[in-house]
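Colleague: Please show the model, and let us then discuss how its elements are arranged.

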Amino acid sequence: MSNGKSILVDTSRCTACRGCQVACKQWNELPGTKTKQVGTYQNPQDLSSETWKLVRFAEGIKDNGKPFWYFFSDQCRHCLVPPCVDTIQGYTDGGALQDQATGAVLFTPKSKEAPFDEVRSSCPYNIPRKDEKTGVLKKCTLCLDRISNGRPPACVLSCPTGALVFGERDEILQMVDKRVEALKITYPKAKAIDADQVRVIYIVTDDPRKYHEHAAA
Amino acid sequence: MTNHYIDIRNSDCILIMGSNAAENHPISFKWVLRAKDQGAKVIHVDPRFTRTSAMADFHTSLRSGTDIAFLGGMIKYILDNNKYFDDYVHNYTNASFIVDEKFTFNDGLFSGYDPGKRKYDKSTWTIKVDSTGIPIKDPTLQNPRCVFQLLKAHYSRYDLEKVSSITGTPVEDLKAVYEMFSSTGVKDKAGTILYALGWTQHTVGAQNIRTMAIIQLLLGNIGICGGGVNALRGEPNVQGSTDQAILTHILPGYLKSPSASQTTLDEYLKKFTPKSSEPQSANWWQNTPKYTVSLLKAWYGDKATKENDFCYSFIPKVDDGQDATLLAMFDKMYNKQIKGLVVIGQNPACSTPNANKVRKAFAELDWMVHVNIFDNETPSFWKGPGVDSKKIKTEVFLLPAAASMEKEGSMSNSGRWVQWKYKAANPPGDALSAGDIVYRIMAKVKEIYKKERGTFPDPILNLQWNYADKKGMWDPVAVAKAVNGYFLEDVTIGEKTYKKGECVPSFALLQADGKTSSGNWLYCGSFTQDGTNLMARRKKDDPTGLGLYPQWSWCWPVNRRIIYNRASVDADGKPYNPKRPLLAWVDGKWAGDVPDGPWPPLTDQEKGKLPFIMKPDGVSSLFGPGMAEGPFPEHYEPLESPLSKNLMSAQLNNPAIRIFTGDIDKVANADPAFPYVCTTYTSTEHWCTGGSTRWQSWLTEAQPQAYVEISRELAEICGVKNGEMVKVESPRGQVECVAMVTTRFRPFKIGGQTIHQVGMTFNYGWLFPKDCGDSANLLTPTVGDANTMTPEYKAFMVNVKKI
């Protein structure tokens, strides 16, 4: 049996163009959120039932006195053993599932019967969100409808620099190892985040917490 | 671009300056990162730390408007430390040429300046020639009057401390950039420059680029893989618009615009056809008569004959010395001298500097025609903020246009690749392509002139206007073929005969006798003789492995992917860089890219040619007398600067710029009321003034409202917290927007004082969304570059106040 699919998110190649954020909305027919400029490029401010992919921006000053600006294209990690599925299933059978062929983790309309706060806090990456109108829980689907038909996820297709790569998990894991090794020459702190636990594997060149509070489990 | 996008991957050092490539040319970064993968260093020099800086190996900042000082320091570093590519400088530049004794430079001014006219008499900016007209050279480069020594003397003033005090860049950072980039001045390394509007939009814009061109020539980086001087053009087809002459100083194919004093074709050709006595110079512009006559034949067809000067008298001419550029046009409009305006796919109410002046100027028009896919602040100016609609007499016609994917045609990218695209969908409702709209308007104008005549109807009645298909729709293929050009009679060239009606397959075959037509000689060859459209090619073969993809689309000139490529080989035709052999003379012919001319290498004294074929002397110009403000670039402060004195000379501003003096053209230099340097830019998420993107909710959610980026230090001075509303003011206007307090802008130390800089996007306007804020161009000044009149959007002075 194959080990399913994976996405590599190589933050060292991400220019934060937000093509992935927009492509996600386009493919999944999600509306634009009415936002305000609050003093950051990051917008919307957070994931929501209508924003499943969000490029997070984090800035500051490095030890050498130069600025840094880190970009983190946040989304569901599609855990190999997803705690959200356990939690939802514990309350409502059929509220969440894991696709056998790809490993995609999905919420169904029945997920509205699970207590949202408990589901959200069960996620090590703070991903699930609730549709306030219907109560249904929402998040990235790994574009199961696309990947089951031989197409890459919408976000991956939109990426101009190759920061997002989609493929067989085994091949992606090999790419991750190779890339981290190469990056370590310039960035000693380079690493892959929780690669053995998640399908969406982030490579960072600095402490994950500098990118995003919930970057790592 | 001298090179092209894919070629960026071949570079060893990529300097990004005057550009925010990652944000504004996202695809370019695909190739920048490929180069980085191969070990290339990426340097970003910009006042602000941007998404480009975040991806670079090294970022340093400079104060807006001080690029010549920064780069002048690099020229000095290269010369002082012998980092230049000796062979290239000797053979392929005018370094050894001797300059006229009367040419001088003194305290910011070159010889020949007339302060009254704000113009130079350039008669002393000349190269000395011998009795046969050939430039006098000193191959040792030791003669104190040779270009090399004059260059050295000129930039000896640009020492690290002086440059740092002007730019605000720390000395250590200057040294780091100079060292990294000048390491490419060896034969097997390539350095490239990616620039954009951050260089052009200054009163010294053209000279910013020339300074870099000098650096690239000293390092031997032009004409080679991974090198070049590369402008990332601002719109998908803006390269095409320049090639086809949507500018006042040129005709299609960069032929010069005629002036009123050139009353006959002979006078015009005499003035603009360069002569050269240099035996090994190709002097390609000597073909100007062929290209000009073929252009006139494309426009006037059978009506253009030798006897009537090929209808030369029909083409409009500017008065001698007339400024017919955008800024001058709006100035005239503001002063009630223009009655009608046609605007196609543009939003000058938000995109032109001093936008209040522009918006007021619209009210002086009798009519305005606006062609666009959405309404924007230009056709709706009459209901804008502070406008009493009842007092506006201007009649506005808004014509719905087809969007890019709703029309067929060519798109020329920054790398000169002309790609044919097809229509994906029909435009909605009554919308038509801009081609159709222009075609129908002109057809109607011809009809009216035919009926009613006019003062001078001949140019309109005789204009060839046959670009409609059978259904009466404008036919882009017919236009493209006319641009390419036809044989108008059977023509025998060498041993080959071309039939009347066939396409001319290369501009080398164009004729000056009226037997060929070509709407743009540079695009001649985009169709084969039998009419096959080469722009539509999509073959991915890459025989050189250098990413030239010669059968993907078509590229001007003659499918040459990297121009001046003969400079990549030595005098024997051997590639300087054996790892990336762009061109090589093998067994009596050239292999690799399409060479810059078929001639053998330079050692063939009889047939060999010098590499810079568009220059009369065959070599490139370290000394460039064609510029308005001097043959060597010199640092001048922007029109509005925080300094009352230029730290480099007694000359504060560019001495050759036009100063607008109207009541609305206010300027504040070193004025405590406007203490902060401001620059403007665009973001990834919006397109220019946002005229097309502000209607798109996925984009407005990402960048919803106007903002000003300011440093933490300045925020403290202004008492502003991140996310609070502020008012940004210049002498010309004010904009309310959100303060984005950031570590990515930091104060500069300039001439011993602390200078703050802020920056704004010009992506917004009052029309939609209602709360997004108005245009940053309400603040920018009416002033342009001395050569091009490109407005100085990038450096001016403001104040920031908490609301």
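Colleague: At what angle do helix α14 (residues 326–334) of chain B and helix α16 (residues 355–362) of chain B pack?

Modeller: This is a predicted model, in which local features need pLDDT of at least 70, side-chain atom pairs count only at pLDDT 80 or more, and totals for chains, interfaces and linings use all residues. Residues are numbered from 1 along each chain as its sequence is written, with chains lettered from A and ligands numbered from 1 in the order in which they are written. Helices (H or I, at least four residues) and strands (E, at least two) are DSSP runs, numbered from the N terminus. With axes as lines fitted to C-alpha atoms over the stretch in contact, and angles running from 0 to 180 degrees between N-to-C directions, the two axes lie 8 Å apart and the packing angle is about 50 degrees.

Colleague: Which residues of α16(B) does α14(B) meet?

Modeller: Contact requires C-beta atoms, placed from the backbone, within 7 Å. From α14(B), Phe330(B), Met333(B) and Tyr334(B) take part, and their counterparts in α16(B) are Lys357(B), Val358(B), Lys360(B) and Ala361(B).

Colleague: Which residue in β13(B) is the bridge partner of Ile344(B)?

Modeller: The two strands β12(B) and β13(B) run parallel. For Ile344(B), the bridge partner in β13(B) is Val371(B).

Terms used:
Contact = placed C-beta atoms within 7 Å. Pairing = 2+ DSSP bridges.
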